[in-house]
Every structure is written in C-alpha cells, then in structure tokens.
Amino acid sequence: MCGIIGYKGKRNVKDVLISCLQMLEYRGYDSSGLAVIKNNKIRVTKCVGRIENLKEKVSRYDFDNSVCGIAHTRWATHGKVSEENSHPHRVGNVVLVHNGVIENYKEIEDLLIKKYKFKSETDSERICALIDSFYNGNNELEAIEKATSMLKGSYSLGIMFEGKNKIYGIKKDTPLVLGIGNKEFFLASDICALLPYTKEFIILDDNEIVEIGDNFNIYYDGIIIYKKIETADYDVEEAMKNGYEHFMLKEINEQIDISRKLYSKYITNENINDLIIDLDKYKRIDFVGCGSAYNASLVAKYFIDKYCTNGEFYANCYASSEYRYMNHYFDKNVLVVFLSQSGETADTLACLRMCNEEGIDTVAIVNVISSTMAREAKYVLPMLAGPEICVATTKGYFSQSYICSLLVLKVMYKRKIINREELTRILEDFNKLPKYIDEVINKDYKIIADSIYKNKDIYYIGRGIDIYTCYEASLKLKEISYIHSECFASGELKHGPIALISKRTPVIALLSEFSVCEKTINNICEAKARGAKIITIRKESINIDKNLSDYDIVVPLVSEFVQSILIIIACQMLSYEVAKLRKCDIDKPRNLSKSVTVE
Ligand code: G6P
C-alpha cells in the first residue's frame, strides 16, 4: 500500500527522502513522488514506475539547501496509475501525501467544485483542496483540524504549506510514526524505513497532529501533548538483504534463527509458557486473518478439530473481510485470535475493533509490536520474526503456524488430551527445528524448478493437514511466479479438477499424514495415469514408489505439530526457484502489497 516519508534536518533532503522511500518499496507501489521546500518554494516531482525513475528525474534539478520535504509511494486505489494521480498533490498553497481511503471524497468534491479545478481522480487531491479552503496563510493547524474533521475513511497525511518551512502529519486508522534523530525529524508509515537514520520514534494516535519545525510538537484538540519515545528493537541490518540475492531467500533462511527465538520465548523446561491467556476457559475460539495469516490459522483449527473438539469446545477460522460483515453470537466464552504480521491490515483491524467493542477477549499474534493491533488487542503474542520485507510472507507464516501449534498443545495438555511425557516428546521436536530447517532449505530445488517453470498451471494436492499447507504453498507460487496454481483436497481430484490435467501438468503432492497417505498415493496414480508430472514432498517415514514420482523431496520426520512447517519450507524454496527462473520481481510481485491498510 501507499507509503509516506517526511524529513526535516540538515542532510540532503532529497537524498534522505529517496533512500527512505526505497526502504518502503516492500509495501508495494506503482508510482512515486516527492515535494521539497527550497527558498520558501515547494517543488513537486513525481513519476510512474520504480523509485529509480524518480531518482533519475530529480537528478535533473538542484535541490541543494532544501529545508524539508515529503515523499510518497502510491499503490493505486482511486484512479489509474498515472503521473497526475501520483502524490504529492498540490492545491493552492497546500501540498500533501496521503495513505488510506476517503469514503466521502465525492461529497467533498461537490462542496469544492466551484472553487477548485481538480487535475487527478484521487480522493487525496480532494483532501488537499479541503485543507486549502480553510487556510488563510497563517492557521495551518486549524485548517488541518477543520478539514480532517470532515473526512470519513482512513488516512495518514504528510502536509506542507507554501512559504512555511514545516511539515505536518496526522493519521486515522492507518499508521504514521514520527522518527526522532539528532536535530532532525522524520515522518514514516513504518519505522523500518527510518532505520538507517534513527531507531527512536513516537507512534502517532488517531487525530493527533505532529508539527515538525526546528523541533516538534504533537497536538490533540489544539493542546500540546507529550508522548513516550519508543526504540525499535531491530537494526538496519535486519531490514537489509545482507548478501542474499532476494529478501525472500534471506527471510526463508531466517526461519532457522526465528525458531530458536520462539523456542526460548515460549518454551522453558519442556513446558509451554508465556502464552498469557488461559485458553481453557473458553468454549469457542475464532481465528481471524487475511492471506497467509488466514492460512496459518487453519493449522490451529485442524489440530483443535482433530484432538480437542467436543460439544463444549471448538474453533473456527475466518477471512477478516468475511468475519467483519457476518452475524455473530458472542458471549464471555468466546475468544477471538487475530493473526497479522503487520498488525495493520485494515480488515483484520476492523474485526479486532468490532470484538473490542463487544467486550470479547482478543489476542493478537502479531509481528510488529508497535502496530495498532498489538496496542489494541487484550493479549499479544509476539511473532519475533523481525522485519519482513518481501511482500510474499515466509517467516511470518512460519512464526504464526508455530505459535498456533503451541496454543493447541497448551489446550491439549490442560485438557489432559496429552500427558507430560507426550508433551515433552513433542516439544523436543520444536527444539530440533533449526537443524531440520537448515537441512530442508539446502535441498536441490533448482532441478525441479527447471522442469516446471515454463508450465502455465501447477496444482497442489494433499489430505488432512497437508491440504492446509497446500493453500499456502499454492498461494506462494502464484504470488511470486505468476503461474496459475490451485490446490485440491486430493480426494476431490476426480470430482472435477482432474479434467485440468494433461500431459506434463505438474502436480505437487504433499504427504505428511500417515493415516491417509495411501489414499493420496492412489490420487497421485490417477493424475499420473493422465500424464501429470508428479512432484512429491513427503516426510521421511512415508514411502513412495520411485516410478510414481518424477521428483521427490524428503523432509525429516518430526511431530505432526511441526511437520507441516518443514513441508511448507520446501514449498517456499520451490516457489522461489521457479520465480527466479521466470525472472520475476520476487520481492515485489506486481499488484501486491505487503501491508494492506485499505479494505
Ligand atoms: C498481504 C500480504 C500477505 C499477507 C496478508 C496479511 O496480502 O501480501 O503476505 O499474508 O497481507 O497481512 P498481515 O500483515 O495481516 O499478516
């Protein structure tokens, strides 16, 4: 989604803005722009495409002695991808960048249409005009307050006024932070973008206005307020590639270390600790998330269904965009668990707020601990994955599934479904993960990728927990390689999807469920008989006839509570190698965004 940067300080303003924009690239964007104040005049430069294009364009102008500036990466929502629709927008004396969606922008346009001629199709330009309509040359705060009080929807804004060497920021329902350096100040959608310059920041809350001049003030309702300065708990190195060709590969490798961190936080003396909540007191758990976060929650539901469900206790999983608009029956026996890497995904956040209003207990399994969800949920389980930059999540999903498995094990232990010895044995396998992940990452996926990367369609099949792993594996493949991919419960193959199989169509079968593996093998035979190219990814103890499988990846045998983690890592690596051969922009797939802060 769109990203915002602002800078006021002694460094070269244009260079700081560009370098911070580059740190925000992971959010996904289609155009970019910046506005810089020099000699009391604001110059706006913008263009379509990569930030490199913007860099090239601004290199034609002299930006020396600029005092401050704002910049933006745009991910089109209102209006096509074009220079006119890119930010910053300028109307009258006001220049602004915006992230979010204004729902009543047409009404605002109707109010202003006699006074202003609009150049773009964006809601953002209407906000700019609205602020200008209240501006008398000297009442910046008042103009911003009056204008934003009329907006319906979500926004974070970076604003400058012609002739004033200051930057203003305000937000509602999308993130904005103030970065604090040595006599220099920043605005950003994400602290990650500022890490090369500072780790100190203040999280702005809804309707607070920050004014950045030689120093900064934060206002709420016209009164100066004082807020806690936070320190980011990760370094710039963690947000850089560190020698890896892509962030995705780096992040897949980081799963080794994250499993160590998760183990030491959540498991002590072969016991699960620090999960804060007593899950046992609830009768229903709803898991809610989007994309891969939703897929990770399916792991928890699968194990709850398999081991814990009875008339008294059960779990559901919902995509946030559905949960939000459903009818709900809530009482004190319901716990809602939200999964979100960013902690800012608009639909998930809206569901969290809905539950909070209902007085329901909420838990956020979240990576960014300064995020809105982490601050608003009753309980927080940190994912400890560090900054995730590649748009397609790998380590985020990993960490969410890991924590989901621990949640279920805790319930199982408390309900005496497993005893002490069984729990200890299972947790030993969590401890072995770093070694096993390393082993899985280092298998040869290139050879398989080479044989399938030119195909138009690739299918995943599996049964039991494997079908849920298939959801994530198939999503990963299509996200980054743009190959059409779907997955099917393998028993469903003959009820329709088998019509799609022709000579050399790749079918990737995941095999980690011993009890149903013979059934899946039968389905593999059916696909093979129609000419499919079979790739099997299986756990060590499941055997497969050499003639059946064209390519076979074997992962170490572990407890079922972490087995699917090893299987998905093999799928992540395969997707990565396929996308690489197809020369795709792996870390920034087209049309996708890392942090989906609009509905
Ligand atoms: C986007 C990302 C996905 C992610 C989903 C949910 O679609 O591309 O990788 O799974 O959002 O994001 P969240 O931050 O809530 O986990």
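User: Where is I501 found, and why is I501 called buried?
Analyst: I501 is found in the loop between β24 (484–489) and β25 (506–511). The model is a predicted one. The relative accessible area of I501 is 8%, and buried means under 20%, so I501 counts as buried.

User: What does I501 touch, not counting residues up to four places away in sequence?
Analyst: With those residues left out, I501 touches V507, A527, R530 and A532. Contact here means heavy atoms within 4.5 Å.

User: How far apart are I501 and I256 in sequence and in space?
Analyst: In sequence they are 245 residues apart, and from C-alpha to C-alpha the separation in space is 36 Å.

User: What makes S474 count as buried, and where is its place?
Analyst: S474 has its place in helix α14. Its relative accessibility is 1%; the cut-off for buried is under 20%, so S474 counts as buried.

User: Which residues does S474 touch, and how far is S474 from Q572?
Analyst: Not counting residues up to four places away in sequence, S474 touches Y460, S485, E486 and C487. S474 and Q572 are 98 residues apart along the chain, and their C-alpha atoms are separated by 9.6 Å.

User: Helix α14 also packs against α7. How do you know whether α7 and α14 are roughly parallel or roughly antiparallel?
Analyst: Helix α7 (residues 291–308) and helix α14 (residues 465–481) pack at an angle of about 175°, with their axes 9 Å apart. Angles over 145 degrees count as roughly antiparallel, so α7 and α14 are roughly antiparallel to each other.

User: Which residues make that contact, and what are they by class?
Analyst: On the α7 side the contact is made by G291, S292, N295, L298, V299, Y302 and F303. On the α14 side it is made by I465, Y468, Y471, E472, L475 and K476. By class, the contact of α7 with α14 has eight nonpolar, three polar and two charged residues.

User: How many aromatic pairs are there, and why is the pair of Y302 and F303 called edge-to-face?
Analyst: The count comes to 14 aromatic pairs, by the rule that ring centres lie within 6.5 Å. The rings of Y302 and F303 have their centres 5.1 Å apart and their planes at 75°. Planes over 60 degrees apart count as edge-to-face, so that is what the pair of Y302 and F303 is called.

User: Are Y302 and F303 buried or exposed?
Analyst: Y302 has a relative accessibility of 12% and counts as buried. F303 has 0% and counts as buried. Both conclusions rest on the cut-off of under 20%.

User: Why is the pair of Y318 and Y323 called tilted?
Analyst: The ring centres of Y318 and Y323 are 5.0 Å apart, and their planes are at 40°. Y323 is buried, with a relative accessible area of 0%.

User: Which residues do ring pairs link into a cluster?
Analyst: The cluster links Y302, F303, Y307, Y468, Y471 and F561.

User: How do you know that R43 lies over the face of Y61?
Analyst: R43 is at 4.1 Å from the ring centre of Y61 and lies over its face. The distance limit is 6 Å, and the charge must also be within 35 degrees of the ring normal. R126 lies over the face of F118, at 4.3 Å from the ring centre.

User: Where do N207 and K416 lie, and what is phi for each?
Analyst: N207 is in the loop between β11 (200–203) and β12 (209–212), with phi near 70°, a positive value in a residue other than glycine. K416 lies in the loop between α11 (395–414) and α12, and its phi is near 60°, again positive in a residue other than glycine.

User: What makes D429 count as buried, and what does D429 touch?
Analyst: D429 is found in helix α12 (residues 420–441). Its relative accessibility is 12%, and the cut-off is under 20%, so D429 counts as buried. Not counting residues up to four places away in sequence, D429 touches V558, S559 and V562.

How values were computed. Residues numbered from 1 in each chain as written. Predicted model: local features only at pLDDT ≥ 70, side-chain atom pairs only at ≥ 80, totals over all residues. Heavy atoms only, no water. Phe/Tyr/Trp six-rings, centres within 6.5 Å; stacked < 30°, edge-to-face > 60°. Buried < 20%, exposed > 50% of the residue type's maximum accessible area, 1.4 Å probe, protein only. Axes fitted to C-alpha atoms, helices over the stretch in contact; angles between N-to-C directions. Helix = DSSP H or I, 4+ residues; strand = E, 2+ residues; numbered from the N terminus. Parallel < 35°, antiparallel > 145°, perpendicular 65-115°, else oblique. Nonpolar A, V, L, I, M, F, W, Y, C, P; charged D, E, K, R; others polar.
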